[in-house]
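Good morning, colleagues. Please look at the structure first.

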Amino acid sequence: MYRSKVVHLAVDNKAGVLDQIALLIRRTSWNVRSISANETIDPNVTTISILLEGRGTGAKQVAEKLTELEFVRSIDFCDEEDCYSTEAALVQVQTQQFAALHSCAAEFGARKLSQSGDKLLFEILGRRDCMEGFIRECMKLGSTQAIRSGPIYMQKNQGDAEHA
């Protein structure tokens, strides 16, 4: 049975970091389902969220090896369900079923960005299951193209003491 694990890193913002992380992961039997690198409020730090899928203890080994890299400032390792996550998508649909598409967008919380003839462009922000549901429904209504950011993660309860 495949499992999903999230590795969330804060790393030095410098050239070659992602390459070294990819080389380390490549040596395991785990697959990178998604990866995203994002800016932080500190220009010297980048956060990287990696969703790994596989069997066995490979993900734990990846996390342990990552802690040894000099550019890693911090690391969180958790099950996917123990993290908050969100992603963004741009979804373009070519259809004549405007009312049904607008209803679908409202149901999933998507925002229309533009319309040109029978092509409508939507923006949606949310969890992976929400993205997939919206895209699946759009595909039923017409020709659909989607570009997704990939999820970003934060471990649940991180920073709660700061906001209490």
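Let me begin with a term: a polar contact is a pair of N or O atoms within 3.5 Å; within protein, one must be able to donate a hydrogen and the other to accept it, and residues adjacent in sequence count only if both atoms are side-chain atoms. This is a predicted model, in which local features need pLDDT of at least 70 and side-chain atom pairs count only at pLDDT 80 or more, while totals for chains, interfaces and linings use all residues. Residues are numbered from 1 along each chain as its sequence is written, and side-chain values use heavy atoms, with hydrogens and water left out.

The protein chain has 5 helices and 9 strands, where helices (H or I, at least four residues) and strands (E, at least two) are DSSP runs numbered from the N terminus. Of its 164 residues, 37% count as buried, that is, under 20% relative accessible area with a 1.4 Å probe, protein chains only.

I now turn to S49, which is placed in strand β3, residues 45-54. Is S49 buried or exposed? S49 is buried, because its relative accessible area is 1%.

What does the side chain of S49 meet? It makes a polar contact of 3.0 Å with the side chain of H8. Leaving aside residues up to four places away in sequence, S49 touches V7, H8, S34, I35, S36, P151, I152 and Y153, contact meaning heavy atoms within 4.5 Å.

Key:
Buried < 20%, exposed > 50% of the residue type's maximum accessible area, 1.4 Å probe, protein only.
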